[in-house]
Structures are given as C-alpha cells and as structure tokens.
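Please read the notes below beside the model.

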Amino acid sequence: MGKFLRAIVAMIAAFGLVAWIAVSTRSGQDILLPRLINAALQSQPDVPFDGLRVFMCGTSSPLPSADRAQACVAVFAGSSLYLVDAGEGSSETFNLHNESTLNLKAVLLTHFHSDHISGIPDFNLNSWVTGRKEPLVLIGPAGVERIAMGFNEAFAMDRSYRVAHHGEAMLPPALGELDFREIAVNESWTDGELTITAYPVDHGPVSPAVGYRFDYRGRAVVVSGDSNVVDSLVTAAKGADLLLHDALSLTLIQTMESALATVGRDRQSKIMHDIQNYHAHASTLGDAASKAGVKLLAAYHLVPPPRNTLMKNVFVRELAEGTVMTTDGMVFELPAGSDAINVHEP
Ligand SMILES: [Zn+2]
Ligand SMILES: [Zn+2]
C-alpha cells in the first residue's frame, strides 16, 4: 500500500472513530445533540420567497406507501400559505422538512374523500400551537361545512386538554376551531396579489369536486385534486407555469387487478377495476397539458404509488416526456418577474 493511500485510510479510520465516540458515548452525545438541534432550527427560512413556492406534502393515493403521504400540495405566495387537500401523514411530512405552518391561511379541499381530508386536524393543531393569528379556514365545495363542524366536534376534548395545559394566552380557544367557506365553481378567493380560482373536475360519482388555479404576480400553478382529464382542465390551466395532476398507471393497476383475481382476492381486484375510471390515465396528461400551453407538467396523487424502481419505470413510461414524477418533499420555485421554474429534489 502506497504512503498516500495509507494516509487516506488512516484519516477515514480517525473520522470514523470520532463519529463513533460522538454518537455512542454519553459525553459525545451531550456535545453533539444541541449543535444538531441548533443546525436544524437555523435551516428554517425566515424570508418569504418572492413568487410562488410549491412544496409537495403528499404525493400518494389511498394505496399504501412507505415514503409518501396522501394528497397534499402546499402553495406559498409571498408570506401566505395555502394547502390543497391534507391527506393522512401530510402534516408529518410538512414538519419533517422544517416547513412552518405559522402563515397557514386555509386548506382548499378538492373533494371529501378520506385521503384528502384525514390530515386536516393535524395541520389545524400544528398551526395553532405555532402561533397562527386567525382561525384556519376550510375552503371547499358544498359540504365543506359538515367537514369543519365534524372535525371541530371530534377534536373538542383534545382542544380543551391543550388549553388547560398551556393556557388561553398561548392557545386562544377560538383559534383552535376550524372556520369554513363554501366556494362555487369559477369563484375566486383573493388574498392581496394572490387569486385562487376553483374549476370543475370529473371524479364521478364524487360530486361536487373541484381543482384550483393560483395566480400570483404573473405566475400560475394549477392543482387538479382527483380527476379524469376534462375540457375544463384545459381552460383552467391555460398558459399556467406548472400543472400538478392526479395520475393513474393503467399498466400497474390492471396488472394488480388480474393478479388479485388470480389468487381469489376478488374484493381488492374489484377495487382495482373500479378506480380506473375516476383518475386521469397517466398517458393522457401530456396532450391536455400541451393543449393548455402549460410550461411544466408534474404528476402527483400517484395511483398506485410506486414501491420500487421497476414500478416507477413502468409508471414513467406512460407519462409524456419531460413530465416530473413528484416525490414527498419536492419543491417547485416560480420567482416573480421570471419564466424560471426551479425544481428541488428533497
Ligand atoms: Zn384521492
Ligand atoms: Zn378522490
């Protein structure tokens, strides 16, 4: 072994020993722990991004996934934060990536399937504890009042324990209760320079169901929720910078349908059959995005969420070239006064 090589090996061994001492001994742990916590806290950005910033807090569907939460897209517009849906696990994904819910204004609901609403109580609690200044609003089509009132009732005791424990000064009871606002198709919600518009989608037999378009300082993002490809998408996404759309791989779902039937799991097989007509087939998204003149198409709410490289590759071959297959923690930045779309992998 040459002199240089021996020096490298000795250096790696020395680093390994120091790392082992730091992690495995009591004194090493006591020195390392506060430094790691400080580093994590300092990684939180405190200056709002100048433009639209999209954080993927959930890219899965109801089928299980070890590393994806259910449907959730976070859109930061200046200092405001809006979520489109909040499925199971999405609040945890949000927190694990050190995103702050302090400026969370509303959760925009596309429809009321469980994989789009299960995470609402976690976001409500988290933002309340973080110090949100106004009640969290659920915005959605007709029926949103039942969702807000139902969660308020289900979590009434939880809220009372937390107020008793931390005090009303820290947790004002009125800010712990969800507010709601019904939105009609083609109606808009405005917040300063931000306009959010609901558009009709096709998720039959689920009705009403909508998608949302965000316009902010010359940049536009469209989020579909669950839908087949419909004409209203092309209209709503006209000229948008980024389209995030629900996507189903027919190859994967039909293969699962047959395999389940072969082993006699007829109920699961029937579900794989039934879901094929109410999510956008991955192969149809590219055409719709081109017709609308969308600059970047990205697939989320993946049906099924790929569990390995093989499944991912099969899914990707159904998507048009250039389509981004999103993952939890992915970030899209659309700076104001620019055409740039910066994609950051987690
Ligand atoms: Zn869904
Ligand atoms: Zn759905």
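Is Asp-215 buried, partly exposed or exposed? At 27% relative accessibility, Asp-215 counts as partly exposed, where buried means under 20% relative accessible area, exposed over 50% and partly exposed in between (1.4 Å probe, protein chains only).

1. Basis. This is a predicted model, in which local features need pLDDT of at least 70 and side-chain atom pairs count only at pLDDT 80 or more, while totals for chains, interfaces and linings use all residues. Residues are numbered from 1 along each chain as its sequence is written, chains are lettered from A and ligands numbered from 1 in the order in which they are written, and side-chain values use heavy atoms, with hydrogens and water left out.

2. Zinc ion (ligand 2). Its protein donors are His-111 (NE2), His-113 (ND1), His-203 (NE2) and Asp-226 (OD), at 2.1 to 2.3 Å. Donors are N, O and S atoms within 2.8 Å of the metal (3.2 Å for Na, K and Ca); water is not among the atoms, so sites may look incomplete. Along the chain the spacing reads H-x1-H-x89-H-x22-D. His-111 is buried at 0% relative accessibility, whereas His-113 is partly exposed at 26%.

3. Zinc ion (ligand 1). Here the protein donors are Asp-115 (OD), His-116 (NE2), Asp-226 (OD) and His-301 (NE2), lying 2.1 to 2.2 Å from the ion. Asp-115 and His-116 are both buried. Asp-226 bridges the two zinc ions, ligand 1 and ligand 2, which lie 3.4 Å apart.

4. Geometry. The 4 donor atoms subtend angles of 96 to 158° around ligand 2 and 87 to 167° around ligand 1. Ligand 2 therefore has an irregular arrangement, and ligand 1 is likewise irregular. Irregular is what remains when four donors are neither tetrahedral (all angles between 85 and 135 degrees) nor square planar, and six are not octahedral (for these two, opposite donors over 155 degrees apart and all others between 65 and 115).

5. Salt bridges. The count is 10, a salt bridge being a side-chain nitrogen of Lys or Arg within 4 Å of a carboxyl oxygen of Asp or Glu. Arg-213 pairs with Asp-215, with closest N and O atoms 2.8 Å apart; Arg-213 is buried at 17% relative accessibility. Glu-193 forms a salt bridge with Arg-217 at 3.7 Å. Glu-193 is exposed at 54% relative accessibility, and Arg-217 is partly exposed at 37%.

6. Phe-4. This residue is exposed, at 67% relative accessibility. Phe-4 and Cys-57 are 53 residues apart in sequence and 47 Å apart in space, C-alpha to C-alpha.
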